[in-house]
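Please open the model in your viewer and keep the sequence beside it, so that each selection can be followed in both.

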Amino acid sequence: MTPAEVITQVRRLIQDETAATYRYSDTMLLGFVNQVIKRMIPYRPDLFVVEENVATTASTVTQTLPTGAVRLIEILAVTNGDAMQEVNRETLDQMYPGWRSEAAGTPQNWMRDPRNPTGYMVWPRPSANTTLVAQYVKTPSDYASGDTIALPNAYLPVIVDGVVFLAESIDAEHVNNGRAKFFYDSFVGALG
């Protein structure tokens with residue numbers, strides 16, 4: 001599935017198929033396609049999970065996922081090293097209060113940051129050039145018209161419905177208000 005295929009179906013549904021008099025340019029509809037894909041993330045974050053090596057900040061327990069991350073799923077291991085175990089920070093604070101000031105080394109445990117969905121802590125603090133294998137929800141880059149959308153083809157109608165909703169919302173003609181809502185409801189319902 002490509003954005004061009006989505007745009008072709010959207011043009012049929014919004015009756016905007018005459019190239020000489022397009023209401024919406026391909027560039028505008030491509031922008032809608034990319035926006036709809038990003039709007040899918042809160043509804044279906046599982047569709048956007050990646051497993052990647054992430055760099056750590058040396059000599060600090062507090063770490064952050066790369067730009068574009070939405071939410072941490074799990075830290076699996078040190079890259080080319082041992083698995084890491086998730087532990088509870090409060091328990092570690094009680095059982096080993098000096099864990100934050102221990103010398104840097106190879107991390108063995110990780111903890112979630114309850115106030116930052118892209119932040120986490122590791123123990124011991126990582127030494128320089130340590131990378132970890134992490135699973136996290138990542139915002140996809142914008143697609144060009146001919147790019148393959150990295151989602152199952154079953155989501156083609158969902159993306160089409162979302163793009164039609166955006167296009168019909170911009171028209172804002174009183175006779176189309178129900179039409180925009182229909183496509184919005186279809187988009188949200190399919191994701192739920």
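Begin by selecting Phe187, which in this predicted model has a relative accessibility of 3% and therefore counts as buried, since buried means under 20%. The structure holds five aromatic pairs, and one of them is formed by the rings of Tyr43 and Phe187, whose centres lie 6.3 Å apart with the planes at 80°, so that the pair is edge-to-face. Because Tyr43 belongs to helix α2 (residues 26–43) and Phe187 to helix α5 (residues 177–191), the pair ties together parts that are 144 residues apart in sequence.

Next, select Phe182 and Phe183, which also form an edge-to-face aromatic pair, with 5.2 Å from centre to centre and 85° between the planes. Here Phe182 counts as exposed, at 53% relative accessibility, whereas Phe183 is buried, with a relative accessible area of 7%.

For another kind of contact, move to Arg11, which lies over the face of Tyr22 at 3.4 Å from the ring centre.

Then turn to the open sheet, where four strands follow the order β2-β6-β5-β4 with mixed pairing. Which strands stand at the edges? They are β2 (62–64) and β4 (85–86), and each has a single partner strand, so one side of each is left without a neighbour in the sheet. If you select β2 together with β6 (residues 119–123), you will see two strands that run antiparallel and are joined by three bridges, with Thr62 standing opposite Met121 in β6.

Finally, select Thr91 in helix α3 (residues 89–95), a residue that is partly exposed at 42% relative accessibility.

How values were computed. Residues numbered from 1 in each chain as written. Predicted model: local features only at pLDDT ≥ 70, side-chain atom pairs only at ≥ 80, totals over all residues. Heavy atoms only, no water. Pairing = 2+ DSSP bridges. Buried < 20%, exposed > 50% of the residue type's maximum accessible area, 1.4 Å probe, protein only. Phe/Tyr/Trp six-rings, centres within 6.5 Å; stacked < 30°, edge-to-face > 60°. Lys NZ or Arg CZ within 6 Å of the ring centre and 35° of its normal.
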